[in-house]
Amino acid sequence: MNPLIDPFGRAITYLRVSVTDRCDLRCIYCMSERMRFVPRNELLSLEELDRLCAAFVARGVRRLRFTGGEPLVRRGFLDLLNSVKRHLGAALDEITVTTNGVQLAEFARPLFEAGVRRVNVSVDSLDRETFKHISRRDRLPQVLDGIDAAERAGLKIKINTVALRHDNAHELPEMVKWAHSRGFDITLIETMPLGEIDEDRTNQFLSLARVREDMASYWRMTDLPDRTGGPARYVRVEDTGGRLGFITPLTHNFCEACSRVRLTCTGKLYLCLGHETSVDLREPLRSNDGDAALQAAIDAAIRLRPKGHDFQIERLRAPATARHMSVTGG
Ligand code: SAM
Ligand code: SF4
């Protein structure tokens with residue numbers, strides 16, 4: 001089958017799949033306390049998610065990342081992974097998972113057995129009170145247990161930390177040191193204007209250019225050429241020996257080499273994190289003509305892929321897109 005190439009010549013080789021929009025945390029920058037979730041009957045079934053993954057793998061997608069919401073709260077998630085695993089080795093290079101870690105103690109080994117070798121774990125603070133404030137739930141001990149379990153299971157771990165001016169700015173250097181002392185990469189993320197939340201994001205916005213400048217005043221940092229086809233830029237912190245990433249969608253243009261598209265748990269394909277353009281794949285998936293309608297819909301979607309995102313710092317107050325990151329999966 002033809003590989004997926006967008007109108008700007010970029011090959012689509014990476015698919016992020018949000019398996020649910022639900023979550024067992026309520027991070028202040030991501031959701032409101034009283035989020036309205038998608039009704040369960042609108043969710044794609046596990047079989048449908050499996051068919052969609054297969055359809056993309058057949059078209060040249062080599063990396064699948066499962067996310068959410070919180071992927072570990074989706075019932076049957078491991079069954080899905082154990083099925084998708086069949087593509088590994090031949091057409092698929094890797095299956096990864098992004099999780100908040102709350103249930104990782106239980107899931108670490110089964111994830112490894114399902115073929116996962118790397119997980120991203122989101123941790124925004126190592127201070128229990130701060131963690132509780134940011135995530136609106138007192139779950140730091142569980143997350144840390146989950147990280148230990150993941151390490152024991154043989155999973156490579158990357159920590160994701162959203163940089164928040166009022167809540168964890170002062171703690172970021174400590175978090176980097178902690179991650180590196182444990183042998184984990186860590187990536188700092190700028191808040192993105194996605195979806196309505198309970199507070200004003202402009203209050204919390206912290207420029208990572210500033211954070212990086214500060215860190216460069218006391219650490220030696222060397223730029224690394226590593227690219228993941230996404231927005232992260234990496235440095236080696238010579239003082240700790242570890243890798244540190246910066247995701248700065250608002251201050252850095254990362255679109256020229258973007259290889260990824262995103263699928264929601266209801267079957268919408270988003271072609272860019274910062275654009276509303278999406279194409280429904282659920283209906284063609286449910287049509288009775290095998291995969292022909294589905295593949296045609298995927299082709300039509302990729303033809304609509306925009307050149308770049310549309311985030312602007314002034315728009316933080318009014319979200320660039322109405323949907324939350326928990327719907328498209330970050
Ligand atoms: N629940 C899982 C987790 O937290 O890792 C997976 C889904 S979560 C939406 C994926 C990533 O997106 C997390 O690292 C989270 O911190 C980040 N995120 C969520 N909303 C964001 C926003 N508005 N701006 C920047 N990052 C965001
Ligand atoms: Fe849940 Fe992840 Fe959003 Fe936090 S960032 S509320 S853990 S989906």
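Modeller: Leaving out residues up to four places away in sequence, Asp-50 touches Leu-80, Ser-83, Val-84 and Arg-86. This description rests on a predicted model.

As to its place in the fold, Asp-50 belongs to helix α1. The largest nonpolar core comprises 93 residues, and those with the most contacts inside it are Phe-56, Leu-64, Phe-66, Leu-111, Ile-159, Leu-244 and Leu-281. Helix α1, which spans residues 46–58, supplies the largest share of this core, namely seven residues. Phe-56 has contacts with Leu-4, Leu-15, Val-61, Val-261, Leu-269, Leu-281 and Ile-298, when neighbours within four places in sequence are set aside.

A helix pair may complete the account. Helix α3 (residues 104–113) packs with helix α5 (residues 140–153) at an angle of about 20°, and their axes are 7 Å apart. Angles under 35 degrees count as roughly parallel, and α3 and α5 are therefore described in that way. Their crossing is right-handed. From α3, the residues Leu-104, Ala-105, Ala-108, Arg-109 and Phe-112 meet Asp-145, Gly-146, Ile-147, Ala-149, Ala-150 and Ala-153 of α5. Sorted by class, this contact holds eight nonpolar residues, one polar residue and two charged residues.

Definitions and conventions
Residues are numbered from 1 along each chain as its sequence is written. Chains are lettered from A and ligands numbered from 1 in the order in which they are written. This is a predicted model: local features need pLDDT of at least 70, side-chain atom pairs count only at pLDDT 80 or more; totals for chains, interfaces and linings use all residues. Side-chain values use heavy atoms; hydrogens and water are left out. Axes are lines fitted to C-alpha atoms, for helices over the stretch in contact, and angles run from 0 to 180 degrees between N-to-C directions. Helices (H or I, at least four residues) and strands (E, at least two) are DSSP runs, numbered from the N terminus. Angles under 35 degrees count as roughly parallel, over 145 as roughly antiparallel, 65 to 115 as roughly perpendicular and the rest as oblique. A crossing is left-handed if the near helix is turned anticlockwise from the far one by less than a right angle, and right-handed if clockwise. Contact means heavy atoms within 4.5 Å. Ala, Val, Leu, Ile, Met, Phe, Trp, Tyr, Cys and Pro count as nonpolar, Asp, Glu, Lys and Arg as charged, and the others, Gly among them, as polar. A nonpolar core is a set of buried Ala, Val, Leu, Ile, Met, Phe, Trp, Tyr and Cys residues joined through side-chain atoms within 4.5 Å. Buried means under 20% relative accessible area, exposed over 50%, partly exposed in between (1.4 Å probe, protein chains only).
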